[in-house]
Amino acid sequence: MAHESAAQRGGRRLAGAVTPTTWRYLAVATLVRVVDGGAAVSLVTLVVSLPGQVSDAAGGLLAALITAPQLLGPLVAEPLARARDPRRVVAAAFAGLGVALAACGLLLDHRELALAAVAATAAGSAGPLVTGGLSTQSV
């Protein structure tokens with residue numbers, strides 16, 4: 001071991017740093033960010049797959065409504081900064097994102113574009129907590 005290279009020492013340290021908690025964080029971060037990143041595309045695809053029911057332009061509107069609230073990151077993140085246990089706030093944002101996206105899909109299926117727009121905006125409001133808020137909880 002006296003002739004161990006710096007790369008070997010670094011690799012040994014890195015292997016010890018990857019704990020079960022790290023793997024859990026990576027799994028959650030990947031899944032939630034895929035949902036957040038793909039939501040706008042999935043809404044446009046859903047609108048286009050409902051021919052005659054909703055205008056194709058509604059897909060662009062919903063994509064804009066789910067993306068625009070990302071600009072509110074500093075305002076939406078305030079509860080995270082004040083929370084006693086920030087993991088609960090981040091978990092609530094995950095659940096809110098899922099519920100709002102599901103509601104948006106169901107409302108589109110029933111041709112309720114105005115309510116679907118509200119749901120898309122609510123889903124987009126969870127975005128800053130899903131991405132930036134999750135990053136603050138990294139292990």
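Author: In this predicted model, Arg 82 and Glu 78 both belong to helix α5 (residues 78-82), where they stand 4 residues apart, about one turn of the helix.

Reader: What do the side chains of Arg 82 and Glu 78 meet in?

Author: As a general idea, side chains of opposite charge can pair when their charged atoms come close. Here, the side chains of Arg 82 and Glu 78 form a salt bridge, at 3.1 Å from N to O.

Reader: Is Arg 82 buried or exposed?

Author: The cut-off for exposed is over 50% relative accessible area. Arg 82 counts as exposed because its relative accessibility is 62%. Glu 78, with a relative accessible area of 38%, is partly exposed.

Reader: How many salt bridges does the structure hold?

Author: The structure holds 3 salt bridges. Asp 85 meets Arg 87 in one of them, at 3.0 Å from N to O, and Asp 85 also meets Arg 88, at 3.6 Å from N to O. Arg 87 is exposed at 58% relative accessibility, as is Arg 88 at 65%, whereas Asp 85 is partly exposed at 22%.

Reader: Which residues have the most contacts inside the largest nonpolar core?

Author: A nonpolar core is a set of buried residues joined through side-chain atoms within 4.5 Å. The largest one here has 31 residues, and those with the most contacts inside it are Leu 43, Leu 62, Ile 66, Cys 104 and Leu 108. Two or more residues come from each of α2 (20-48), α3 (57-67), α6 (86-109) and α7 (113-136). Helix α7 gives the largest share, 9 residues.

Reader: Which residues does Leu 62 touch?

Author: Beyond residues up to four places away in sequence, Leu 62 touches Leu 43, Val 47, Cys 104, Leu 108, Leu 113, Ala 116, Ala 117 and Ala 120.

Conventions: Residues numbered from 1 in each chain as written. Predicted model: local features only at pLDDT ≥ 70, side-chain atom pairs only at ≥ 80, totals over all residues. Heavy atoms only, no water. Buried < 20%, exposed > 50% of the residue type's maximum accessible area, 1.4 Å probe, protein only. Contact = heavy atoms within 4.5 Å. Salt bridge = Lys/Arg side-chain N within 4 Å of Asp/Glu carboxyl O.
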